[in-house]
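Here's a quick briefing to read alongside the model.

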Amino acid sequence: MSQVPSVKLNSGYDFPLIGFGTFGGADAPEKVYEAVKVALKAGYKHFDTAYVYRTEGSVAKAIAESGVARENLFLTTKLSNNFHESQHVRPGFERSLQALNTDYIDLYLMHWPISFEFKGYEADDLTRTRTIAKPTHVPVIDTWRAMEQLAKDGVARSIGVSNFTVAMLEDLLSKCEIVPAVNEVEIHPNCPQEELRAYCKSKGITLIAYSPLGNPGYRGATIDAFNDPLILKIAKKYNTTPVQILLNWGVNRGYAVIPKSTTPSRIEANLTYIKMQDKCVEAISELGRKSFCRICDPVALWGEDCDIFNEH
């Protein structure tokens, strides 16, 4: 075990490979506030949130009370699907800026390559999950150009995307001026994203893995990697837990992970780096080749018109 490694984004900024996720349910704001306080004390530097999560204010409050200097932290937040029209990008961004109580965002992501009708800037105006929604098909490049201006103005130090496939990235790269620094996507042993990982590496785009543990219990998810015999065997080899093996499988593959927890002991334990043998990393990758499963399915979230991964 050693210090958590970092990588340099194509925008020039250092980026830690283990961060803290802040997505949650209806009670997320209070739980995230308490959890982020623990995470800051434990030494986390990267905090991943989004306007639609309603946890930006919780993150800001915990940081303000921690005494940790803003310049020592890396804050990621995201543009909501309802704000894709170019005239709504900066006002949407400024909502996040205000909620996070900062004058710049380290990394601003396009949350999904899906746009919905604009209904207002308040959190209650956003299209919720488990709601049948019709995409408005705002061209991704139009949204991206408005985000590029945020980067040029220095208020977003790095910009990136989330939930983009290889084809979507290829299209964006053929038109954009600023190459995305990051693509944040679902990655865990049952969704290893090998083609996307290779493509992003070739283009200098860093991956962030959300749901790096398979998000057990989320929306009826049945993935139980914690009890997989292979994971248990490798955990025993390194004298650690299955959770640490799952997280470090990602870090050893060269991308960032953003586990989330509200349990202090788990928050602290998750900030652990273990250098794993290549053969162990490859053995875990083989699990997904045999049994693929995506947890965060946009069709389940918003209906069949949002089948961006062509899996239905």
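Let's start with Asp278, which sits in helix H10; helices (H or I, at least four residues) and strands (E, at least two) are DSSP runs, numbered from the N terminus. Asp278 counts as exposed because its relative accessibility is 64%; exposed means over 50% relative accessible area, buried under 20%, and partly exposed in between (1.4 Å probe, protein chains only). This is a predicted model, where local features need pLDDT of at least 70 and side-chain atom pairs count only at pLDDT 80 or more, while totals for chains, interfaces and linings use all residues. Residues are numbered from 1 along each chain as its sequence is written, and side-chain values use heavy atoms, with hydrogens and water left out.

- Asp278 and Arg253 are 25 residues apart in sequence, and their C-alpha atoms are 9.1 Å apart in space.
- Glu286 is another residue found in helix H10, and at 29% relative accessibility Glu286 counts as partly exposed.
- Between Glu286 and Pro192 there are 8.7 Å from C-alpha to C-alpha, with the two residues 94 apart in sequence.
- Two packed helices are described by the angle between their axes and the distance between the axes.
- Helix H8 (residues 242-252) packs with helix H10 (residues 278-290) at an angle of about 105°, and the axes are 10 Å apart. For the record, axes are lines fitted to C-alpha atoms, for helices over the stretch in contact, and angles run from 0 to 180 degrees between N-to-C directions.
- H8 and H10 are therefore roughly perpendicular to each other; that label covers 65 to 115 degrees, with angles under 35 roughly parallel, over 145 roughly antiparallel and the rest oblique.
- On the H8 side the contact is made by Ile245, Trp249 and Asn252, and on the H10 side by Val281, Ile284 and Ser285; contact means heavy atoms within 4.5 Å.
- Sorted by class, this H8–H10 contact has 4 nonpolar, 2 polar and no charged residues. Here Ala, Val, Leu, Ile, Met, Phe, Trp, Tyr, Cys and Pro count as nonpolar, Asp, Glu, Lys and Arg as charged, and the others, Gly among them, as polar.

- Leu271 is in the loop between helix H9 (264-270) and H10.
- Leaving aside neighbours within four places in sequence, Leu271 is in contact with Val4, Ile18, Ala42, Gly43 and Tyr44.
- Leu271 and Phe20 are 251 residues apart along the chain, yet their C-alpha atoms are separated by 9.0 Å.

**Helix H2 and what covers it**

- Which residues of helix H2 (residues 56-66) are buried? They are Glu56, Ser58, Val59, Ala60, Ala62 and Ile63.
- The cover over those buried residues includes helix H1 (28-42), strand S4 (46-48), strand S5 (74-79) and helix H3 (86-99).
- Just after H2, Gly67 takes a positive phi of about 85°.

**Positive phi without glycine**

- Most residues other than glycine have a negative phi.
- Arg54 is not a glycine, but has a positive phi of about 65°. Arg54 lies in the loop between S4 and H2 and counts as partly exposed at 36% relative accessibility.
- Gln193, also not a glycine, has a positive phi of about 55°. Its place is in the loop between strand S8 (182-186) and helix H6 (194-203), and at 17% relative accessibility Gln193 counts as buried.

- Ser80, in the loop between S5 and H3, is buried, with a relative accessible area of 3%.
- Beyond neighbours within four places in sequence, Ser80 is in contact with Tyr51, Val52 and Leu126.
- His88 is in helix H3. Buried or exposed? His88 is buried, with a relative accessible area of 10%.
- Leaving aside neighbours within four places in sequence, His88 is in contact with Phe83, Phe118 and Tyr121.
- His88 and Ala146 are 58 residues apart in sequence and 8.9 Å apart in space, C-alpha to C-alpha.
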